[in-house]
Amino acid sequence: MTSGELYWKKNLRLMIGCLIVWFIVSFGFGILLVGPLNSIFLGGYPLGFWFAQQGSMYVFVILIFFYANTMTKYDREFDVEEE
Amino acid sequence: MTLQATTYIVVGLTFAIYIAIAVMARAKSTSDFYVAGKGVHPVLNGMATAADWMSAASFISMAGLIAFMGYDACAYLMGWTGGYVLLAMMLAPYLRKFGKFTVPEFIGDRYYSHGARLVAVLCLITCSITYVIGQMKGIGVAFSRFLEVDFATGLFCGMGIVFVYAVLGGMKGITYTQIAQYCVLIFAYTVPAIFIGFQLTGNPIPQLALGSTLTDGSSMHLLAKLNKICVDLGFAEYTAQKWSTWNIFLLTFSLMVGTAGLPHVIIRFFTVPKVRDARFSTGWALVFISILYTTAPAVGAMARTNLMNTIQIGPVGSPTGNLAYVDRPSWFTNWEKTGLLKWEDKNHDGRIQYYNDKNAAFAKKAEGFGWKGNEMVKVDRDIMVLANPEIANLPFWVIALVAAGGIAAALSTAAGLLLAISSAVSHDVLKSVFMKHIDEKQELLASRIAMAVAICVAGWLGLNPPGFAAQVVALAFGLAASSIFPVLMMGIFSKKVNRAGAIAGMLTGIGSTLLYIFLYKGWFFIKGTAPLIDNHAHWFLGINPQSFGAVGALLNFVVAFAVSSMTEPPPEHIQALVEDIRVPKGAGTAVSH
């Protein structure tokens, strides 16, 4: 495998990992599992409701920055940074 | 000073700022006009994207939508934010690396076809025009409500302002005004929310206030109390799910994919200097958007609590439990004048009863109290944001600020959409097909003329909205999801998808989505022409027409791969192009025009 192929493969793996988390917090916790999670409380928030109207958005933000940071590292590692 | 005068001063001041920015940020080249010279700082671009994205509807209507939908509104909240994750990881950095000016230009180059480029222009214009009609309406409404001028005057004022900075500055002018507009709108949105949250729960942070205990002595949590108030009056529990899980799932998915495919959002990421800036800038955009989107659920829930508590002052069913009409607060009177609130004394007791008379069991119980139906015959959802500062007794300048914020939200989105339309016309149609030999100066002039024409067309459509104006947002997202997103994603992540596959995929995506929407909403939205009945029992596999975008996108993918596998693979140089956009290196040199 060339270095370019490895870079792309690592990028894809990172992206898929992030998208799995993206799916779990929004579609998983916020929609599919909202019923059972609502029996747990986070302060005054039923947990499922919190994920649906607050938490998933916080996680989305964290995911993008995590992805951007890791990719910056990969860019440097594989020497494909912009000059 | 009167409220009217304060509002004129605050709104006038913001306009002066926008015009001043326009004069300073004039476009000197086509690169300035289309992509702000690719010199926008990623954080600032994030702010501009947030203003571009959040429309009058986000600002004025969303909290009210949440207030009356409760939990189910999460489809909009997650759908309109989750798309940015897709954008950051699947589109923005690669399209920035490609380094050209418009979305159709990428499609034309990657699929080595003028045909594909023109189909993309068609998709872009259809979805941006439908979207811009709503914004034009939003501008008119914002002006007429806040400044008490008539709808047309308001619309002309708004068009005039956009005209100055969009025609002069193109993307550059629009970007810097959007940054100013973001500051105005987010300040205007959060200040009343902070006050109201503090009044209700003692917690000044709206996101935390929504999960806090009330300070009314009941020591109940805000959401628990709201659930109780709702159930006591026959409404469904606020935090309970009302729609089917399938439809919430599908709508969320369609909105996410649609968000990532909206051209006016994508082109914002062409304006940053580097590929890595495009990644971070998407993150910043979502930070700035989330500030409003996580505040909105708090505003919605608190406003609903306030509204219901204002009317139901005592125990349900007791003779003095309901507010006497003569005692209604001044904001109630103010908004009655605008027609957004309407009361009808059905049982002639001079008191206001607000309850769910469609709930048969509760309606029966209410009869026992001598209630003869819900007397709040109209509670417009926009009231939840518009009346908030008055309900919380905030000073005039805050109310005036909300006016300026609503107008800023409408103007910024309209300008972004108009730029996407005019650059597609001048760059993808005129320059690439009809007037190939014009030089840069002539193209800049052409793009200014295209912008001016686009503003006039949008204004005309705003004044004479086609009958389908209410449906258009669903349509815009459906089209972006089913046509633009898949073709861009495949262009980056697959080297096999070719010209024939892309064109067939786009046409299938658009065609199936339009067909499904028309089948339930009427051909071209003309009333009475719908062959199928638009309700849950009659939807194909229970799919709501507004959620069909995700299915259209899936069809697009399937058809594109199938057709590509049966036809010749893309030529060598296209495969090299795909290799090239996958790595950031060399982005500076990729710009060639």
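How many residues does helix 13 of chain B have, and how far does helix 13 reach from its first C-alpha to its last? Helix 13 (residues 275-311) of chain B has 37 residues and reaches 54 Å, close to the 54 Å expected at 1.5 Å a residue; the expected span is 1.5 Å times one less than the number of residues. This is a predicted model, in which local features need pLDDT of at least 70 and side-chain atom pairs count only at pLDDT 80 or more, while totals for chains, interfaces and linings use all residues. Residues are numbered from 1 along each chain as its sequence is written, and chains are lettered from A and ligands numbered from 1 in the order in which they are written.

**Chain B as a whole**

- Chain B holds 23 helices and 2 strands; helices (H or I, at least four residues) and strands (E, at least two) are DSSP runs, numbered from the N terminus.
- The radius of gyration of chain B is 25 Å, close to the 25 Å that the globule rule gives for 593 residues, so chain B is as compact as a globular protein of that length. The radius is taken over C-alpha atoms, and the rule is 2.2 Å times the number of residues to the power 0.38.
- The C-alpha trace of chain B spans about 80 × 55 × 45 Å along its principal axes.
- Of the 593 residues of chain B, 57% count as buried (20 or more other C-beta atoms within 10 Å of a residue's own; 12 or fewer is exposed, in between is partly exposed, and C-beta atoms are placed from the backbone).

- Helix 13 of chain B is mostly covered, with 31 of its 37 residues buried.
- Helix 5 (residues 74-98) of chain B has 25 residues and reaches 35 Å, close to the 36 Å expected; a kink of about 55 degrees is centred on B:Leu87.
- Because 23 of its 25 residues are buried, helix 5 of chain B is largely enclosed by the rest of the structure.
- Just after helix 5 of chain B comes B:Gly99, with a positive phi of about 75 degrees.

**Domains of chain B**

- Chain B is divided into domain 1 (3-209 + 218-304 + 391-587) and domain 2 (305-390), with bounds from an automatic or database domain assignment.
- The centres of domain 1 and domain 2 of chain B, taken over C-alpha atoms, are separated by 36 Å.
- Their contact takes 31 residues from domain 1 of chain B and 23 residues from domain 2 of chain B; two residues are in contact if their C-beta atoms, placed from the backbone, lie within 7 Å.
- Helix 4 of chain B gives the largest share of the domain 1 side, 7 residues.

**Where the chains meet**

- 38 residues of chain A are in contact with 43 residues of chain B.
- Helix 3 of chain A supplies the largest share of the chain A side, 16 residues.

- B:Ala36 has a positive phi of about 50 degrees and is found in the loop between helix 2 (30-35) and helix 3 (42-53) of chain B.
- B:Ala36 counts as buried, with 25 C-beta neighbours inside 10 Å.
- A:Asp79 has a phi near 55 degrees and is exposed, with 10 other C-beta atoms within 10 Å.

Conventions: Bend = angle between axes of the 7 residues up to and from the residue.
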